[in-house]
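Dear colleague,

I am passing on the structure below, together with some notes on what was found in it. Please read the notes with the model open beside you.

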Amino acid sequence: MSEQATRSHPHLPGESGVWVFILGDMLMFAAFFIVFMFYRGEDVALYAKSQLTLNQHLGAVNTFLMLSSSWCVAVAIETARGGRPRGAQGWLLSAMACAVGFVVVKFFEYSEKIAAGFTLTSNDFFMYYYMLTGLHLMHVLLGLGVLTYLWFTLRAPSAASTLRTLESGASFWHMVDILWIVLFALLYLVR
Amino acid sequence: MNIRNELLCIWSAVLFVIIFTIGIWPLTHFLPPHLPTASAEEIAALYQDRTWQIRLGLFLMMGCSGLVCAFVAAITVAMKRMEQGAGPLTYTQLSAGSLGAVLLIIPCLVWTVAAFRPDRDPQLTLLLNDMGWIMLFMPFTTFVVQNIAIGLAILGDRNAAPVMPRWVGFLNLWVAVLFVPGGLLTFFKKGPFAWSGVFVYWVPLVVFLGWYLVMFAMLRKSALRAGAAV
């Protein structure tokens, strides 16, 4: 981590400290993924059978929303760099809209699963399904808070420091995006 | 400000970690944790076979937990410098941190009750044993609030020479997120999210220890700098 922080080239997005959080969080999720794959290896049949009950369409919609949201944040940064804070705010709002969409889809997905009788304690696959997507959802909600904060910093932008804050927040949001992509692949797609 | 008192409170953290480790590891053998799937007879046997070691270990674990208050006070003093006077985050940390000490002491007392009459009905020993484990590992709320308060205070530090580097602030926020899964142990008797699991017992234990080390080093630096400035 400190190695990442002290290397000044190439450009490290955001302030170096935020990468302690991001890399730490990714380490944690990497541990989740390894544990999941390990236990999946012990009982592939159960995991494969349970996986078939997941709604891949909703998963794909959420992947699309997450990617779009990340893209909007990237455009927001470019717009802010170009000296147009109002435009950047608009892109941030679009990113937030996608994130809210993600949460809504997740709500329907969970309801569908619970209605079908699959809960946290149904079997090991669903334990991981709910715990991992739930912890990710917690990150999405945190991220919504971060994006809102970024929107407010753009109301009174002060060039360099605002841009750095924007980059820090955006880096966090891209991490939430990447974690979802891996989750989607592991839970919904892996054969 | 008397820097000697401040350093005393900071160093108490080292004493706490050493004594608590002696208690939880070689004496009680609560490291590694009991399995939530163990039968009443198995758990009762643990208390019957190691009665005095468990009593002594819990005595030490409970006895050193008061030192957490001193460490929380040291954090409070550093946060007052960050907030330039005791601000709301400082008070949040002080109260949440103090409650955290209580949440260490009570499980030790509950386990002590189990060890007090190890020959009672194994079902009752199991009940008390469960109570101790759940009380120690489920209540993430005070730790999360404490860590967020510290993190936000560090990141909001407007001093020309900040009290702590900003990465420590982000570290505290990360630690806060990490403690949340522990609260879900109520759903599981086995697997990585049970109280004996990697994400409830082992990861938080290692992170907690690492957090103590980082905070110890940073507080010490902050105190020495404040002492030099006087």
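To begin with one residue, Ala76(A), once its neighbours within four places in sequence are set aside, is in contact with Ala88(A), Trp91(A), Leu92(A) and Ala95(A), where two residues are in contact if their C-beta atoms, placed from the backbone, lie within 7 Å. Before going further, please note that this is a predicted model, in which local features need pLDDT of at least 70 and side-chain atom pairs count only at pLDDT 80 or more, while totals for chains, interfaces and linings use all residues. Residues are numbered from 1 along each chain as its sequence is written, and chains are lettered from A and ligands numbered from 1 in the order in which they are written.

A nonpolar core here is a set of buried Ala, Val, Leu, Ile, Met, Phe, Trp, Tyr and Cys residues joined through C-beta atoms within 7 Å; a residue is buried if 20 or more other C-beta atoms, placed from the backbone, lie within 10 Å of its own, exposed if 12 or fewer, and partly exposed in between.

Chain A as a whole has 7 helices and 0 strands, helices being DSSP runs of H or I with at least four residues and strands runs of E with at least two, numbered from the N terminus. Of its 191 residues, 30% count as buried, and the C-alpha atoms of chain A fill a box of roughly 55 × 35 × 20 Å along the principal axes.

Two helix pairs in chain A share α4(A). Helix α4 (residues 56–81) of chain A packs against helix α7 (residues 160–189) of chain A at an angle of about 165°, with the axes 10 Å apart, the axes being lines fitted to C-alpha atoms over the stretch in contact and the angles running from 0 to 180 degrees between N-to-C directions. That angle makes α4(A) roughly antiparallel to α7(A), a term used for angles over 145 degrees. By class, the contact of α4(A) with α7(A) has 14 nonpolar, 6 polar and 3 charged residues, where Ala, Val, Leu, Ile, Met, Phe, Trp, Tyr, Cys and Pro count as nonpolar, Asp, Glu, Lys and Arg as charged, and the others, Gly among them, as polar. With helix α5 (residues 85–115) of chain A, α4(A) packs at an angle of about 165° and the axes are 8 Å apart, so α4(A) and α5(A) are roughly antiparallel to each other.

Turning to where the chains meet, 18 residues of chain A are in contact with 18 residues of chain B. On the side of chain A that touches chain B, α2 (18–42) and α6 (124–153) of chain A each supply at least two residues, and α2(A) gives the most, with 7 residues. The residues of that side divide into 11 nonpolar, 4 polar and 3 charged.

In chain B, Leu185(B) lies in the loop between α8 (166–179) and α9 (198–229), and this residue is buried, with 22 other C-beta atoms within 10 Å. Ile134(B) is 51 residues from Leu185(B) along the chain, and their C-alpha atoms are separated by 7.8 Å.

With best wishes

Definitions and conventions:
Angles under 35 degrees count as roughly parallel, over 145 as roughly antiparallel, 65 to 115 as roughly perpendicular and the rest as oblique.
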